[in-house]
Amino acid sequence: MSVETAVYEKLSCGSTICGVCPRKCVIKEGERGFCGVRENQDGKLMSLVYGKAVSSNIDPIEKKPLFHFAPGSRALSVATVGCNLRCDFCQNFRISQDWTEISGRDLSPDDLVEKANKRGCSGIAYTYTEPTIFLEYARDTMKRASPELYNIFVSNGYMTKEALDEVSDFLDGINVDLKGGEEFYRKHCGVPDMEPIYTILGELSDRDIHTEVTNLIIPGVNDTDDEIRKRVRWIKENMGSDTPVHFSRFHPDFKMLDSKPTPVETLERAMDIGKEEGLNYVYCGNVPGHRSESTYCPNCNSLLVKRVGFRVEEFNLKRGMKCHECDEDINIRGEKFIPEKLFKD
Ligand code: SF4
């Protein structure tokens, strides 16, 4: 099913300008934009992936990763084909970049909400590929899901403020993958200018939408102390010291099969830099069993959430999201979606 897209301009020549992501593709009649899923049909810009879920799995929210929103809950995780980036290291390249036709199961927004409820999920995650490119499908599902179910995005952050306007009233949380510096984005992601990503991170913070940041660290590519420090400083100064940051381990994939997996020591170094710069919550990602999978109180260092893999094994927060030892306020949101069995009182 194709539907008219949300944010675009019609030109007198019949072309359209898509306004959903900073590429602002100018699309002639009969053609598609860079992401491959928005097509100009007789002067109207249509989404080709509305209601076409190429993935719809149930995941723990920790897998997104979101560690500070509704820990212990499960999310129906949905994607369509397509992406607005071209990352050489994409782990979902078969559905994001290397696809030939719009495929997937017909699942309407109502179907997704019904499925989430039936399968005991607390929310819906728009993930795997970039939700910005299936904005209308996500938006309509979010409206139906909220407020009984939460809505979270796992995004590259390469979207416009106008796209964010479409969903921000229903968006409970987001993980933004901040991949590297300017040159890294140009060389490895096909992004000519990364500034719009910083703009969106600032917007999310201004709109008080719960945001976590993932930084994939690739050895020899974006792993110098200076680069990491620069990113971490930006996050602290612009989003605050309570922003959770996940330094994620790279595994060779897609066009970067010759690169080596990130040594755990590199991730630990990144975590140290994060702490030195004053971030309260830093994690290693893709290293199952690492101590940093758990959350500790930034004031008294007691264990708050013990995670093993993507499982929450211990939950030591009081209601109101306070440390059980020292009553420090902890930046964990989505309390109403936390499984009741985790609370001790
Ligand atoms: S969402 Fe797709 S069509 Fe729209 S500007 Fe971005 S890449 Fe182009």
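**Briefing: helix packing, ligand site and backbone features**

In this predicted model, Tyr198, Leu201, Gly202 and Ser205 of helix H6 meet Arg231, Trp234, Asn238 and Met239 of helix H7. By class, this contact has four nonpolar, three polar and one charged residues.

**Packing of H6 and H7**
- Two packed helices are described by the angle between their axes and by the distance between those axes.
- Helix H6 covers residues 195-206 and helix H7 covers residues 225-239; the two pack at an angle of about 35 degrees, and their axes are 10 Å apart.
- The crossing in which H6 passes H7 is right-handed.

**The ligand and its surroundings**
- The ligand sits in the largest cavity.
- Around the ligand are Cys18, Val20, Cys21, Arg23, Lys24, Cys25, Ile27, Gly33, Phe34, Cys35, Arg38 and Asn84.
- Classified by residue type, this shell has seven nonpolar, two polar and three charged residues.

**Backbone features**
- Most residues other than glycine have a negative phi, and most peptide bonds are trans.
- Lys24, one of the residues surrounding the ligand, has a positive phi of about 45 degrees although it is not a glycine.
- Lys24 belongs to the loop between strand E3 (16-18) and strand E4 (26-27).
- A cis peptide bond runs from Lys64 to Pro65, with omega near -5 degrees.
- Pro65 is placed in the loop between strand E8 (55-60) and strand E9 (74-79).
- The peptide bond from Ser146 to Pro147 is also cis, with omega near 0 degrees.
- Pro147 lies in the loop between helix H3 (135-145) and strand E12 (150-155).

How values were computed
Residues numbered from 1 in each chain as written. Predicted model: local features only at pLDDT ≥ 70, side-chain atom pairs only at ≥ 80, totals over all residues. Heavy atoms only, no water. Axes fitted to C-alpha atoms, helices over the stretch in contact; angles between N-to-C directions. Helix = DSSP H or I, 4+ residues; strand = E, 2+ residues; numbered from the N terminus. Left-handed = near helix turned anticlockwise from the far one by under 90°. Contact = heavy atoms within 4.5 Å. Nonpolar A, V, L, I, M, F, W, Y, C, P; charged D, E, K, R; others polar. Near = heavy atom within 4 Å. 1 Å grid on protein atoms, 1.4 Å probe; cavity = no way out; pocket = protein on both sides within 12 Å on 5 of 7 lines; lining within 4 Å. Sits in = over half its atoms within 2 Å of the grid points.
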